[in-house]
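Thanks, everyone. I'll take the ligand site, then the pockets, then the cavities. Please have the model open on your screens.

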Amino acid sequence: MQRINQIINIVSNDKPVSKETARILRHKLIKNDFIVSEKFEPNANLIICIGGDGSFLRTLHKYNFPDIPVIGINTGHLGFFQDIAPHELDEFIFRYKKGDYVIDHIHPLEGLICTRNSCIEVLGINEIVIKGLKSTTIHLNLFLDQSFLEKFSGDGLLISTPTGSTAYNYSLRGSIVDPRLNLLQITPIAPINTVAYRSFTSSIIVPNYSTIKIHPEYTYENSVLIVTDGTEYKYNGIVEVLVKLSELKIKLLRFKEYSFWNKVKEKFL
Ligand code: NAP
């Protein structure tokens, strides 16, 4: 099927190689009868994000998780989200015009950070981290679906989506999760497990419909840091953090031969 006059948003980071890739891509898309928007167009048909995974994550946050399919061109280091290489632009355009792709849906995490006065909502594609603001031990009461599970002591807790399982979660010895599984992973960051403090030392895997509630111990209310996909949120008097999977969908455009496990092998082994 010929797809012309579609509007494309190109979002690039500031690296010279990304800017140059954006320039070449723009030229090629226009030659193929696509409209490349000057500014971010909320009604566009596609977002092409140029950079690494960091740029990919920042783009979706910056434009508030738009309901537009997104694909990435990797000019970064790892490029776990970024499926196209800069030398594959012609092939990408050819296959996109033919409709030779699928759209995968992923859900971000939704965190509700509540202080004594108000609640603030944050979203995380990879993860939401609750950790100490300083280098001291933090004590967090962890509840699963209203039921108390543990008093965690250590550096913090990370809650990861299957998509984020290959990111910070993996460095913390969390498991790599096949994205076809609907679950959340709670991974401890440097847990203390001694006669003084008892914390689980491995990840905990819970179903996608779980609600995870974290109450910092009273004396730590002013020393909690929340980090979602690398962005920090600091608030005084945090009494509760609620985390669950959002109903929001991120649409990832992928070629039909995409295989998560091939990507894992390619990037990690
Ligand atoms: P960043 O420099 O943008 O990213 C750190 C590394 O994580 C980069 O190599 C990045 O790939 C890679 N990455 C991001 N998402 C990934 C995913 N889903 N699967 C595999 N690798 C992924 O760091 P940032 O701005 O602080 O935070 C962005 C993300 O980095 C966070 O969401 C977190 O998961 C991860 N992070 C990891 C660690 C760690 O492993 N110790 C610490 C902090 C943050 P590119 O090279 O392509 O950008």
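Let's start at the ligand. Around the ligand sit 19 residues, and the nearest are Asp53, Gly79, Glu127, Thr166 and Ser171. Near here means that a heavy atom of the residue lies within 4 Å of the molecule.

A word on the source. This is a predicted model: local features need pLDDT of at least 70, side-chain atom pairs count only at pLDDT 80 or more, and totals for chains, interfaces and linings use all residues. Residues are numbered from 1 along each chain as its sequence is written, and side-chain values use heavy atoms, with hydrogens and water left out.

Now the polar contacts, meaning pairs of N or O atoms within 3.5 Å; within protein, one must be able to donate a hydrogen and the other to accept it, and residues adjacent in sequence count only if both atoms are side-chain atoms. Glu127 puts a polar side-chain atom 2.4 Å from a ligand oxygen. Thr166 has a polar side-chain atom 2.7 Å from a ligand nitrogen. Leu78 uses its backbone: an N or O atom there lies 2.9 Å from a ligand oxygen.

How much of the ligand does the protein bury? Alone, the ligand exposes 820 Å², and the protein buries 70% of that. Those areas come from the Shrake-Rupley method with a 1.4 Å probe; for residues, only the protein chains shown count as cover.

Which elements build the shell? α2 (53-62) and α4 (168-171) each give two or more residues. The largest share, four residues, comes from α2. Helices (H or I, at least four residues) and strands (E, at least two) are DSSP runs, numbered from the N terminus. By class, the shell has six nonpolar, nine polar and four charged residues. Nonpolar is Ala, Val, Leu, Ile, Met, Phe, Trp, Tyr, Cys and Pro; charged is Asp, Glu, Lys and Arg; the others, Gly among them, are polar. Domain 1 (7-106 + 249-268) and domain 2 (109-245) each give the shell at least three residues. Those bounds come from an automatic or database domain assignment.

Next, open space. On a 1 Å grid over the protein atoms alone, a pocket is an open set of points with protein on both sides within 12 Å along at least five of seven lines; a cavity is a set where a 1.4 Å probe fits but cannot get out; lining residues have an atom within 4 Å of a point. Points are joined across faces, edges and corners, and volume is the space filled by probe spheres set on them.

The largest pocket holds about 630 Å³. It has 28 lining residues, with His105, Ile106, Pro179, Arg180 and Asn182 closest to the centre. β5 (102-106) gives the largest share, four residues.

Of its 18 lining residues, Asp83, Ile84, Glu88, Lys263 and Glu266 lie nearest the centre. Eight of the lining residues are charged.

The largest has about 90 Å³, and its lining includes Phe80, Phe81, Ile106 and Pro179. By class, that lining is seven nonpolar, one polar and one charged.
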